[in-house]
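Colleague: Could you put the model up, and then take me through a few parts of it?

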Amino acid sequence: MNKMKTVFSFFSFSGKTYFYHHISFKVNNIDYDSKFAKPYSQEYTDLNNKIISLINETFHGSRLRRQYVTSQVVQVSQAKGKVIIHIVLKFKSYYTNTSAKFRDKIETILRQKLNGKTGSLCIDSSSFRFSDIAMPMAENFLHTCCGHRKITRSGNKIAGGMDAEEGEWPWQASLQQKNVHRCGATLISNSWLVTAAHCFLKARDPKQWNVSFGLLLSDPQIQRSVKDIIIHENYHYPSHKNDIAVVRLSSPVLYTSNIRRACLPETSYAFPSNSDVVVTGWGTLKTDGTSPNILQKGLVKIIDSKICNRKVVYDGAITPGMLCAGFLEGSVDACQGDSGGPLVGEDYKGTWFLAGIVSWGDECALPNKPGVYTRVTHYRDWIMSKTGL
């Protein structure tokens with residue numbers, strides 16, 4: 001963040017001009033906590049809410065209240081044990097020829113407000129920095145929080161499927177060979193995807209693969225080639241154990257409202273039995289059926305592993321690294337082509353975490369044969385060891 005270049009940039013759309021700015025300042029009465037580095041932690045959330053409330057109050061009560069669009073804490077760093085807050089702000093204006101004056105007004109208002117004791121914050125005014133930031137990078141920072149999306153509704157039905165909407169599952173990616181969809185994957189950072197190891201049984205060479213993002217396979221928003229494929233060392237086909245791989249993109253994607261990352265859960269994170277989760281993908285709509293062009297979504301439930309290991313279900317085949325989800329009566333399930341894709345669950349704050357990776361199952365949506373997923377919490381340390389995330 002501190003390497004951000006000070007380049008003036010604005011973006012025109014529908015008569016409006018959007019301006020983006022980066023500000024940073026030190027807060028003398030808040031000690032740095034390592035949990036501030038995790039955007040889904042309670043500590044980060046509380047600090048973010050406090051800071052954004054201050055920025056909102058600053059501009060909603062000013063003469064620029066109609067021009068102020070939004071702001072986002074994009075990093076919390078430290079200096080001598082105290083926190084440094086980094087924020088990106090977005091404004092709109094209908095007048096491009098007064099951009100210098102507009103910029104000066106914004107900076108003046110901020111300097112007046114962020115000075116000394118401000119509510120519960122003691123801001124070091126000498127640390128205040130203000131600069132401009134180019135639109136693509138600014139939008140990337142504004143959408144950097146994991147597990148958030150612009151659509152808040154979920155669907156209920158993939159095999160037995162239901163069309164997703166633009167931006168509803170912004171971490172979903174398509175792994176393709178020669179532009180033909182083979183597997184799903186989940187975006188977990190600007191450069192990394194997580195998917196299933198079995199997707200690469202017939203082709204492990206990164207040069208044979210590319211990745212697309214967007215709602216429609218036929219009209220991808222962004223495409224990338226693949227730099228690296230890292231398959232779990234202890235994955236050995238035909239066993240379903242350790243069915244996980246990570247994929248590094250040839251160049252990073254910038255986050256937008258329609259392309260965002262899912263949150264990776266900590267190893268201790270619990271997805272309770274019978275809780276709602278959503279599986280998404282472009283797999284077939286039934287066993288040996290046709291594949292859709294539009295992303296499908298299915299609302300399913302976590303099934304306790306003891307139930308899933310019953311003789312009539314999977315007869316002891318479910319290991320600690322696996323997770324069952326679906327319905328014992330069938331009806332909704334992942335299917336062929338959904339492999340490697342995400343199973344996500346929402347926490348009480350509306351943040352989506354990656355619970356599972358589509359792995360295996362007996363056909364699709366059969367009674368007593370729910371979907372089996374690679375349990376992400378079980379492999380959290382492995383993901384960290386390969387990606388640093």
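**Helix, hairpin and barrel**

Modeller: In helix α3, the buried residues are Met-135, Ala-138, Glu-139, Asn-140, Phe-141 and Leu-142, where buried means under 20% relative accessible area, with over 50% called exposed and anything in between partly exposed (1.4 Å probe, protein chains only). This is a predicted model, in which local features need pLDDT of at least 70 and side-chain atom pairs count only at pLDDT 80 or more, while totals for chains, interfaces and linings use all residues. Residues are numbered from 1 along each chain as its sequence is written, and side-chain values use heavy atoms, leaving out hydrogens and water.

Colleague: So why do you call α3 largely enclosed?

Modeller: Because six of the eight residues in α3, which covers 135-142, are buried, the rest of the structure largely encloses this helix. Helices (H or I, at least four residues) and strands (E, at least two) are DSSP runs, numbered from the N terminus.

Colleague: OK, strands then. How many residues of β4 are buried?

Modeller: Strand β4, residues 82-93, is mostly covered, with 10 of its 12 residues buried.

Colleague: And what does β4 pair with?

Modeller: Strand β2 (residues 16-31) pairs with β4 in the antiparallel sense over 12 bridges, and β3 (residues 68-79) also pairs with β4 antiparallel, over 10 bridges; two strands count as paired if DSSP finds at least two bridges between them.

Colleague: What happens at the turn between β3 and β4?

Modeller: The hairpin of β3 and β4 has two residues between the strands, and Lys-80 takes a positive phi there, near 55°.

Colleague: Changing topic: which strands make up the closed barrel?

Modeller: Six strands form the closed barrel, in the order β8-β9-β10-β13-β12-β11, with antiparallel pairing. Neighbouring strands of this sheet are turned by 45° against each other on average, ignoring direction.

Colleague: Where do β8 and β11 join?

Modeller: Five bridges connect β8 (residues 172-177) with β11 (residues 209-213), and the two run antiparallel; Gln-177, for instance, has Trp-209 in β11 as its bridge partner.

Colleague: Which helix packs on that sheet?

Modeller: Helix α5 (residues 380-387) does, touching β10 (192-195), β12 (222-231) and β13 (245-249), with contact meaning heavy atoms within 4.5 Å. The direction of α5 makes about 30° with that of β13, using axes fitted to C-alpha atoms (for helices over the stretch in contact) and angles from 0 to 180 degrees between N-to-C directions.
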